[in-house]
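Work through the exercises below with the model open. Each task is followed by its solution.

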Amino acid sequence: MSSLRRALGSDGRPHWLWVAGGFFRDLTAAGLTDDLAEVAGLLADMERFQELLAQAPEAAASTWPILLPGRPGKALCLGKNFAAHAREMGAEPPTELVWFAKLPDTLIGPGEAVVIPSWLDSRVDPEAEVVILLGRDLHNCNPEEAKQAIVAYTLGNDITARKQQGLDKDRGWPWLRAKNLATFGCVGPAWVPVGEVPAFEDITLRGKVNDIVRQKTSLADMIWKPERALVEISRWTPLRAGDIVFLGTPAGVAPIHEGDELVVEADGLGRLVNPVVRG
């Protein structure tokens, strides 16, 4: 599997690394900036990508700490996108797309701690997800345009203050604060181009807590596949290269606590690990 990783270099700066066959090519040293929109656009233009890759020097980067794979312009999430999860939340599967915002400043990378605030009086749940990266702008798009805009996948964990979410829903308020406490969105470990992963419907997603599998499903079970969801979202708001979308979580959500280790895995997409602390 080849992937695009963002890591902390020996110079103390973030570097984009192309990882293939155990070797690292430093795309930042070849001129790639730290802007996720530029990275996404590069993945959408493989001819330009190959030209940059040819200029990228090898790097001894196996010990460089892995970072959040870029700060997106927008981070959107699909809600209740697996029927079994909708039912465990006390609802029937939606007939219209449910989507909401994850504020970019909320997001953290692999190995960073999910911090449950000491003042928070709420059950907190992890939600294992697959995340897509857009490499082209979309507005009022059709399914083929949406498909062409998806340039890479990674993993995500949409941490949710569940009790607070329920209280706000009962008041008719949005879910925004329950989904957007600092550190309540994990993304990584790396962007895997669409051509490097199995067929989307053949990917199995797993969410673990302390090596115990709580969530497991095939992406074929999604109600709204990525292209269909992007068509609907793009009717309402323009999407840009560098935006990301969490695709929804399967059934099996349950509370987490200080000292837990959260793991998200999916075929061909690696492993996203984050500890949980209270503070």
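**Exercise 1: an aromatic pair**

Tyr 153 counts as buried because its relative accessibility is 9% (buried means under 20% relative accessible area, with a 1.4 Å probe and protein chains only). The model is predicted: local features need pLDDT of at least 70, side-chain atom pairs count only at pLDDT 80 or more, and totals for chains, interfaces and linings use all residues. Residues are numbered from 1 along each chain as its sequence is written, and side-chain values use heavy atoms, leaving out hydrogens and water.

Task: classify the ring pair of Tyr 153 and Phe 200.

Solution.
1. Check Phe 200: its relative accessible area is 10%, so Phe 200 is buried.
2. Apply the criterion: rings of Phe, Tyr and Trp (its six-membered ring) pair if their centres lie within 6.5 Å; planes under 30 degrees apart are stacked, over 60 edge-to-face, the rest tilted.
3. The centres of Tyr 153 and Phe 200 are 5.8 Å apart and the planes stand at 35°, so the pair is tilted.
4. Locate the partners: Tyr 153 is in strand β10 (residues 150-158), and Phe 200 is in the loop between β12 (185-193) and β13 (204-209), 47 residues apart. Strands (E, at least two residues) and helices (H or I, at least four) are DSSP runs, numbered from the N terminus.

**Exercise 2: another pair**

Task: classify the rings of Trp 18 and Phe 49.

Solution.
1. The whole structure holds three aromatic pairs.
2. For Trp 18 and Phe 49, the centres are 4.9 Å apart and the planes are at 70°, so this pair is edge-to-face.
3. Trp 18 belongs to strand β2 (residues 14-20) and Phe 49 to helix α2 (residues 46-55), so the pair ties together parts 31 residues apart in sequence.
4. Both Trp 18 and Phe 49 are buried.

Key. Buried < 20%, exposed > 50% of the residue type's maximum accessible area, 1.4 Å probe, protein only.
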